[in-house]
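Hi,

Here is the structure I promised to pass on to you. Have a look at it first, and then read on for my notes.

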Amino acid sequence: LPQPLVLEPAVAGQGEWLNTSIYTFRTDKPLASGAIYTATVAAGLRDVSGLQLEKDFQWSFTTVVPKVLDNAPLGDLVKPTEPISMTFSYPMDRTSVEEMFALRAKGNDSSVAGAFRWADDRTVAFQPTKALDWGVEYTAELQAGAKAAKGQGVTVEDISWTFRVVPLPAI
């Protein structure tokens with residue numbers, strides 16, 4: 001059977017006819033974030049009865065922009081050495097994410113120093129250089145504008161969350 005689908009911009013992948021009327025296409029890699037794709041089935045395609053598609057059939061779609069799917073830690077009683085992590089819906093541009101991230105103690109405008117560790121292009125952990133202060137509330141923030149690794153997509157909303165480090169033992 002013919003391979004009827006053409007995507008612009010071009011996308012690597014495999015197409016398959018499931019039966020005589022259903023065609024599926026699976027990409028080799030995720031589509032670019034925030035990108036507009038145009039799909040075309042060219043005129044001349046024939047069905048099983050011999051009827052021919054008289055003119056090109058074309059449609060467009062836009063892929064979604066990246067967002068944070070999960071973040072941690074949350075709540076109280078967090079260990080002072082706990083890494084701060086985020087998981088994204090798309091592979092991300094690492095430099096962009098690192099530039100848009102900040103961790104601050106409540107009442108302090110200075111960012112906590114630390115290093116980033118990427119498990120893959122979607123999951124990052126920020127490890128503070130030294131243990132966080134006992135009993136202090138912290139706010140982690142990712143500003144809007146962190147870029148997807150591929151495409152024009154950027155995060156569109158600021159995201160922030162707070163957590164409190166466990167206090168020193170007391171009687």
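Below is what turned up, starting with the aromatic residues and ending with a few backbone details. Please keep in mind that this is a predicted model.

**Aromatic pairs**

There are seven aromatic pairs in the structure. Phe101 has a relative accessible area of 9% and is buried. Phe126 is buried too, with a value of 4%.

Another pair is made by Tyr138 and Phe163, and this one is stacked, with 5.9 Å from centre to centre and 20° between the planes. Here again distant parts of the chain are linked: Tyr138 sits in strand β12 (residues 137-142) and Phe163 in strand β13 (residues 159-165), 25 residues apart. Both Tyr138 and Phe163 are buried.

Together with Phe116 and Phe126, Phe101 forms one aromatic cluster. Beyond its neighbours within four places in sequence, Phe101 is in contact with Ile84, Met86, Phe116, Phe126, Ala140, Glu141, Leu142 and Trp161.

Which residues have the most contacts inside the largest nonpolar core? They are Met86, Val97, Phe101, Leu103 and Phe163, in a core of 21 residues. At least two residues of this core come from each of β8 (84-88), β9, β11, β12 and β13. As background, nonpolar side chains tend to be buried together in soluble globular proteins.

**A four-stranded sheet**

Four strands make up an open sheet with antiparallel pairing, in the order β6-β8-β11-β10. Its edge strands are β6 (68-72) and β10 (114-118), each of which pairs on one side only. On average, and with direction ignored, neighbouring strands of this sheet are turned by 15° against each other. If you zoom in on β6 and β8, you will find that four bridges join these antiparallel strands. Val68 stands opposite Phe88 of β8.

**Backbone details**

Most residues other than glycine have a negative phi, and most peptide bonds are trans.

- The peptide bond between Glu8 and Pro9 is cis, with omega at about -5°. Pro9 is found in the loop between β1 (5-8) and β2 (13-17).
- Ala72 and Pro73 are also joined by a cis peptide bond, with omega near 0°. Pro73 lies in the loop between β6 and β7 (75-78).
- Leu77, in strand β7, has a positive phi near 65° although Leu77 is not a glycine. With 64% relative accessibility, Leu77 counts as exposed.

**One more loop residue**

Is Lys55 buried or exposed? Its relative accessibility is 65%, and the cut-off for exposed is over 50%, so Lys55 counts as exposed. You will find Lys55 in the loop between β4 (36-41) and β5 (57-62). Lys55 and Ala42 are 13 residues apart in sequence, and their C-alpha atoms are 7.0 Å apart in space.

Enjoy exploring, and write back with any questions.

Best wishes

Note on methods. Residues are numbered from 1 along each chain as its sequence is written. This is a predicted model: local features need pLDDT of at least 70, side-chain atom pairs count only at pLDDT 80 or more; totals for chains, interfaces and linings use all residues. Side-chain values use heavy atoms; hydrogens and water are left out. Rings of Phe, Tyr and Trp (its six-membered ring) pair if their centres lie within 6.5 Å; planes under 30 degrees apart count as stacked, over 60 as edge-to-face and the rest as tilted. Buried means under 20% relative accessible area, exposed over 50%, partly exposed in between (1.4 Å probe, protein chains only). A nonpolar core is a set of buried Ala, Val, Leu, Ile, Met, Phe, Trp, Tyr and Cys residues joined through side-chain atoms within 4.5 Å. Contact means heavy atoms within 4.5 Å. Two strands pair if DSSP finds at least two bridges between them. Axes are lines fitted to C-alpha atoms, for helices over the stretch in contact, and angles run from 0 to 180 degrees between N-to-C directions.
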